[in-house]
Amino acid sequence: MFTLLKNTGHLLYRIWFYILVALPILLFFPLLFIFCIKEKWYPYFFWMARNCWARPILLGMGCPQQIKREQKIEKGKSYMLVANHTSMLDIMLMLRASRNPFVFVGKKELVKIPLFGFFYKRVCIMVDRSNTKSRTAVYMRAQRRLKQGLSICIFPEGGVPEEDVILDEFKDGAFKMAIAHKIPIVPMTFLDCKKRFSFTFFSGSPGLLRVKIHSFFETKELDEEHKATLREDVRNVILKELQSKKPTGISF
């Protein structure tokens, strides 16, 4: 009986999440559509995504955020934002963690998500990792966006790791791109997203979402041969934080 009630609670919590994702998109669809027509209007789209979409979702899920910064992101400067990836909440949390407009680089499969996918393919940089031409096109699109004063966000694990994996190995893309464009890398550790809303269906609970924004890694003096070292240094910073902290809050 207890297991049935617990699973019912998880099911309702998950349904509520999808309702929260869809409602703001439906409500603000005309404005969101207008702001995604031209790339120069993207900062307005980002503001709405951050404040009228991500914020209500996280609050509605009972997930307040606690963001601690070792270094502050400067307004008007471009960065490479990277973080561990364990949950769909990572997208909303990243939007809340940075006031500077940024563009996600993500897998093309997300286009299939109803409503969300409609805007995803218009404002994000999609990559097909099995296609070399697609990966090359990503660098060209990223360069154009950086010239517009935007930042780039990549989850360098390249996907969501297995439940028992704390932090998967990092792919090269984010670090190669940061070195090529000489932009600082901003490592972030998301500590509680897996506990709050993992990809395991009968799971999840309200509670605090903690973010640690670590000191930035400068790339101005680096070149291609430093890529692997940079990748592992950034990964180790995030891994150390994950290993030193335990998820907080209630669960049901």
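**Aromatic pairs in a predicted model**

Visitor: In which helix is the place of isoleucine 19?

Guide: This is a predicted model in which local features need pLDDT of at least 70 and side-chain atom pairs count only at pLDDT 80 or more, while totals for chains, interfaces and linings use all residues. Residues are numbered from 1 along each chain as its sequence is written, and side-chain values use heavy atoms, leaving out hydrogens and water. Helices are DSSP runs (H or I, at least four residues), numbered from the N terminus. Isoleucine 19 belongs to residues 2–27, helix α1.

Visitor: Is isoleucine 19 buried, partly exposed or exposed?

Guide: Buried means under 20% relative accessible area, exposed over 50%, and partly exposed in between (1.4 Å probe, protein chains only). Isoleucine 19 has a relative accessible area of 36%, so the residue is partly exposed.

Visitor: What kind of aromatic pair do phenylalanine 17 and tyrosine 18 form?

Guide: Rings of Phe, Tyr and Trp (its six-membered ring) pair if their centres lie within 6.5 Å; planes under 30 degrees apart count as stacked, over 60 as edge-to-face and the rest as tilted. The whole structure holds 19 aromatic pairs. For phenylalanine 17 and tyrosine 18, the centres are 5.3 Å apart and the planes 70 degrees, making the pair edge-to-face.

Visitor: How many residues apart are tryptophan 53 and phenylalanine 116?

Guide: Their ring centres are 5.9 Å apart and their planes at 25 degrees, so the pair is stacked. Both tryptophan 53 and phenylalanine 116 are buried. Tryptophan 53 is in helix α3 (residues 42–60) and phenylalanine 116 in helix α5 (residues 116–123), so placed that the pair links distant parts of the chain, with a separation of 63 residues.

Methods:
Helices (H or I, at least four residues) and strands (E, at least two) are DSSP runs, numbered from the N terminus.
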